[in-house]
Amino acid sequence: MKHDPARMWRDAIALYDQGQYAPARVLLTALKPLKPNHPPLLHLLAVCRFRLGEVNEGLSELQFLIEKNNELLSARIDYATLLNECGDIEKSILVLRDIHRDYPLDGSVGLNLAITLAQAGEWEGFDDLSRQLIAQNPAPEILWMRALVCLSYGRFEEGWPYYGARWRLPPTAWNTPRRELGLPSLAPGTRPKKPFWLWTEQGIGDEILLASVLPDARKAGFDFIFGCNPRNIPLFQRRFPDLPIRDVTTTTRTDLPGIDLQMPLADLTALLRPDSASFGNQAAYLQPDPGLRDTLRQRYESRQPGNLLVGISWDSGKAARARQKSTALADWLPILQTPGVTFVNLQYGYTQPALAEMRSKFGIDILHDSSVNPLGPTDPAAAQIAAMDMVITVSNTAAHIAGALGVPTLVLLPATYGLQWYWFRDTDQSPWYSSLTLLRQQRPGTWHPVIAEAEGRLKQFIAARRRE
């Protein structure tokens, strides 16, 4: 059967846009003999190689392509982005500055440069450029970017006013459903005086983080029905037994008698966390199932009596940003060789190959409890985390659960690309969770110094426990 090059090209682009780089590469490679000098094809093929692990090859091909075709704007932007992702943020900024000089009125170019300046810690450059971009065209992407960067610098009074731009972003950038249920909105910054529908809008971990304002909301006398992800309902209900809690995905307006107003949880967080001082000393605000916690702890301790229990989680997902937050379990070898510790797998997803590799290559047997599914209801996972003496994790849901429970935790964070705004910058403490210690990369993509610091802190923790 004869192949249709036009259809193959459309299919390749569709796969590429969906992040399915392996099948996209197959189609693009098949098309290359038919279009050997087609710059858009060579552009996508180079990015596919990078995304599939051929980092140097992909970068070299992309660099060669744009040297021959300097007018390929999207390829030049992608080249700068990939440089940033692999740790060369200085060169990424130089490339973006060159593009910005060539296309001073292109908002996407200015946006990319502003974000990269912020990631590099160049606040003044970011501040000047982002204000210029907003003055030229206050597009939601630019407003949202300024919100996140200002918040990451702890400039709450500058960041929160722009946070509402998220609802104007395209679905590819913000695909969370609005659960307003046809109810009028409370104006941002307005303290509610009547009962209202408070609904969550983000993932499991972010929901737990933002819900840390619920105790303050209750103390302030706010009257609300709380809608959250059904996975979190048992965990929240135990902590707030008299708070009406609903499944945010299925609740309808008829389920909310007497409610005439609504507010997303992030807006309540902005109201109650207007500045750094408003955080106070964030103690644990959630409570595990005590029976299950104790049962799990007894089971794990019986394996090697006298050992400390340390839960570990090393991966944050498969998306590009998540990959920057993730590590390989093999990189944790210095930590996992620490004596006197039983390491417990808290990682979600299919972890058996990684665990088997550690067992066969290094003789390290990490405890895996198949009765606890981190991708299921969070209550069992919370009990498991509460059973730990310490948790060591990358930036994922385990970090939020551990922090909300008050478990001593080391969080391994990327330097720039992939760093979430709520971990802020240049601090090893989290205002959201007092039990967390933040260990940061100094250079993007370089985890070994962070692992070494975590190893040292774990040994200090063990020594302190033995002195008690």
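## A pocket to start with

How much space lies in the second largest pocket? About 420 Å³ lies there. This is a predicted model, in which local features need pLDDT of at least 70, side-chain atom pairs count only at pLDDT 80 or more, and totals for chains, interfaces and linings use all residues. Residues are numbered from 1 along each chain as its sequence is written, and side-chain values use heavy atoms, with hydrogens and water left out.

A pocket is found on a 1 Å grid over the protein atoms alone: it is an open set of points where a 1.4 Å probe fits, with protein on both sides within 12 Å along at least five of seven lines. Grid points are joined across faces, edges and corners, and the volume is the space filled by probe spheres set on the points.

## What lines the pocket

Lining residues have an atom within 4 Å of a point. The second largest pocket has 24 of them. A415, D426, R440, Q441 and Q442 lie nearest its centre. Helices α6 (89-102) and α21 (448-467) and strand β9 (436-440) each supply at least two lining residues. Helices (H or I, at least four residues) and strands (E, at least two) are DSSP runs, numbered from the N terminus.

By class, the lining has 10 nonpolar, 7 polar and 7 charged residues. Here Ala, Val, Leu, Ile, Met, Phe, Trp, Tyr, Cys and Pro count as nonpolar; Asp, Glu, Lys and Arg count as charged; the others, Gly among them, count as polar.

## Residues in the loops

D426 sits in the loop between β8 and β9. Its phi is positive, about 55 degrees, although D426 is not a glycine. F424 lies in the loop between β8 and β9 too. The phi of F424 is near 55 degrees, again a positive value in a residue other than glycine. D426 has 74%, so it counts as exposed. Buried means under 20% relative accessible area, exposed means over 50%, and partly exposed is in between (1.4 Å probe, protein chains only).

R443 belongs to the loop between β9 and α21. R443 counts as partly exposed because its relative accessibility is 45%. Leaving out residues up to four places away in sequence, R443 touches G87 and A415. A contact means heavy atoms within 4.5 Å. R443 and S302 are 141 residues apart in sequence, and their C-alpha atoms are 41 Å apart in space.

## Strands side by side

Strand β5 (residues 308-313) has 6 of its 6 residues buried, so it is largely enclosed by the rest of the structure. In a regular strand the side chains alternate between the two faces of the sheet. In β5, L308, V310 and I312 point one way, while L309, G311 and S313 point the other way. Two strands pair if DSSP finds at least two bridges between them. β5 pairs with β6 in the parallel sense over 5 bridges, and V310 stands opposite F343 in β6. β5 also pairs with β7, parallel, over 4 bridges. There, S313 has T393 as its bridge partner.

β7 is joined to β8 as well, by 4 bridges, and the two run parallel. In β8 (residues 409-413), 5 of its 5 residues are buried. T409, V411 and L413 lie on one side, and L410 and L412 on the other.

Elsewhere, strand β1 (residues 196-199) and strand β4 (residues 261-264) run parallel, joined by 4 bridges. L198 stands opposite M263 in β4. L261 and M263 point one way from β4, Q262 and P264 the other, and all are buried.

## A covered helix

Helix α19 (residues 378-386) has 8 of its 9 residues buried. Among them are T378, D379, I385 and A386. What covers the buried residues of α19 includes helices α11 (204-210), α13 (233-239), α15 (290-301) and α20 (397-405), and strands β6 (341-345) and β7 (390-394).

## Cysteines

How many disulfides does a search of the whole structure find? It finds 0. C86 is in no disulfide: the nearest cysteine sulfur, that of C48, is 17 Å away. A disulfide here is a pair of cysteine sulfur atoms within 2.5 Å. C86 is partly exposed, with a relative accessible area of 35%. C228 has 0% relative accessibility, so it counts as buried.
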